[in-house]
Amino acid sequence: MRRLLLIATTAFVAALGTTAGVAVSQDAKMSFFVTSVGSGKGADLGGLKGADAHCDSLAEAAGVTGKTWHAYLSTSAEDARDRIGKGPWFNAKGEKIADDVASLHGDANGITKQTALNEKGEVVNGRGDTPNRHDMLTGSKPDGTRIADQTCGDWTMSGAEGAAMMGHHDRTGLDDSAAAKSWNSSHASRGGCSQEALKGTGGDGLFYCFATD
């Protein structure tokens, strides 16, 4: 009886180790995620430097190290598409998001509510969920280039002034228009750049992070 118990325990431990190995392998491959939390200060992310550091901190907390992370954000002087490396990019479950910059900004990218996971591999609330958190800060046009007056002061503003262009990670909006379904360029914030303003249209100050290498 003891021998059978020992064999069963050994098999269970071996299986657990194999499963854990798969999880670690998938995590290590992760090169794209939606932030699980924002800065807490609306669109004030501390500029691009602060936003990049936020990406890095969340990835490290999730167990993914040794990568350079950049936020998918445009500013008055920089385009989001030029900040994120060459690809390909994969989510926390190893699912491919896009092969390269061109496919990311084309119709065939893999961004949906089910694949635009946070760094923990969790689905992020979308339209129809409570609370709705589908608005992603981008400051960008559909092709990933900047909209200079919609970056909340290059991600340093958190008051009633300014505006931020946002996309829908769940590809769902009020209608079936291209903008409503856009992951990176759906509509501007209303009422400024504060946390309250972002929440008012279905956001929470979240944004996309990409590994550049």
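Student: How is the lining of the largest pocket divided by class into nonpolar, polar and charged residues?

Tutor: This is a predicted model, and its largest pocket is lined by 14 residues. Those nearest the pocket centre are His168, Gly173, Leu174, His187 and Thr201. By class, the lining comprises three nonpolar, eight polar and three charged residues.

Student: What volume does the largest pocket have?

Tutor: Rolling a probe the size of a water molecule over the atoms shows where empty space is left. For the largest pocket, that space is about 240 Å³.

Student: Which residues are closest to the centre of the second largest pocket?

Tutor: The second largest pocket has a volume of about 200 Å³. Its lining divides into five nonpolar, six polar and four charged residues. Of the 15 residues that line this pocket, the closest to its centre are Asp107, Pro142, Arg171, Ser182 and Trp183.

Student: In what order do the helices and strands of the protein chain run from the N terminus?

Tutor: The secondary structure of the protein chain comes to five helices and eight strands. From the N terminus on, the order is α-β-α-β-β-β-α-β-α-β-β-α-β.

Student: What share of the contacts in the protein chain with a separation of 6 or more joins residues 24 or more positions apart?

Tutor: The protein chain has 213 residues, and buried residues make up 48% of them. Among contacts with a separation of 6 or more, those between residues 24 or more positions apart account for 68%.

Student: Which residues does phenylalanine 33 touch, not counting residues up to four places away in sequence?

Tutor: Phe33 is one of the residues with the most contacts inside the largest core. With residues up to four places away in sequence left out, phenylalanine 33 touches Cys55, Leu58, Ala59, Trp69, Leu117, Asn118, Glu119, Phe207, Tyr208 and Cys209.

Student: How far apart in sequence are the parts that the disulfide of cysteine 55 and cysteine 209 ties together?

Tutor: Cysteine 55 and cysteine 209 form a disulfide, with their sulfur atoms 2.0 Å apart. Cysteine 55 lies in helix α2 and cysteine 209 in strand β8, so the parts tied together are separated in sequence by 154 residues.

Student: Are cysteine 55 and cysteine 209 buried or exposed?

Tutor: The cut-off for a buried residue is under 20% relative accessible area. Cysteine 55 has 0% relative accessibility, and cysteine 209 also has 0%. Cysteine 55 therefore counts as buried, and cysteine 209 likewise counts as buried.

Student: Why is the disulfide of cysteine 152 and cysteine 193 left-handed?

Tutor: A disulfide joins cysteine 152 to cysteine 193, S to S 2.0 Å. Cysteine 152 lies in helix α4 and cysteine 193 in the loop between β7 (187-188) and α5 (195-200), so the pair ties together parts 41 residues apart in sequence. Both cysteine 152 and cysteine 193 are buried. The disulfide is left-handed because the torsion about its S-S bond is about -95 degrees.

Student: What is the pairing of the bonded cysteines of the protein chain, numbered in sequence order?

Tutor: The count comes to two disulfides. One joins cysteine 55 and cysteine 209, and the other joins cysteine 152 and cysteine 193. Numbered in sequence order, the pairing is 1-4, 2-3.

Student: Is glycine 63 buried or exposed?

Tutor: Glycine 63 lies in the loop between α2 and β2. Its C-alpha atom is 7.9 Å from that of alanine 28, although the two residues are 35 residues apart in sequence. The cut-off for exposed is over 50%. At 55% relative accessibility, glycine 63 counts as exposed.

How values were computed:
Residues numbered from 1 in each chain as written. Predicted model: local features only at pLDDT ≥ 70, side-chain atom pairs only at ≥ 80, totals over all residues. Heavy atoms only, no water. Core = buried A, V, L, I, M, F, W, Y, C linked by side-chain atoms within 4.5 Å. Buried < 20%, exposed > 50% of the residue type's maximum accessible area, 1.4 Å probe, protein only. Contact = heavy atoms within 4.5 Å. Disulfide = S-S within 2.5 Å. Helix = DSSP H or I, 4+ residues; strand = E, 2+ residues; numbered from the N terminus. 1 Å grid on protein atoms, 1.4 Å probe; cavity = no way out; pocket = protein on both sides within 12 Å on 5 of 7 lines; lining within 4 Å. Points joined across faces, edges and corners; volume = space filled by probe spheres on them. Nonpolar A, V, L, I, M, F, W, Y, C, P; charged D, E, K, R; others polar.
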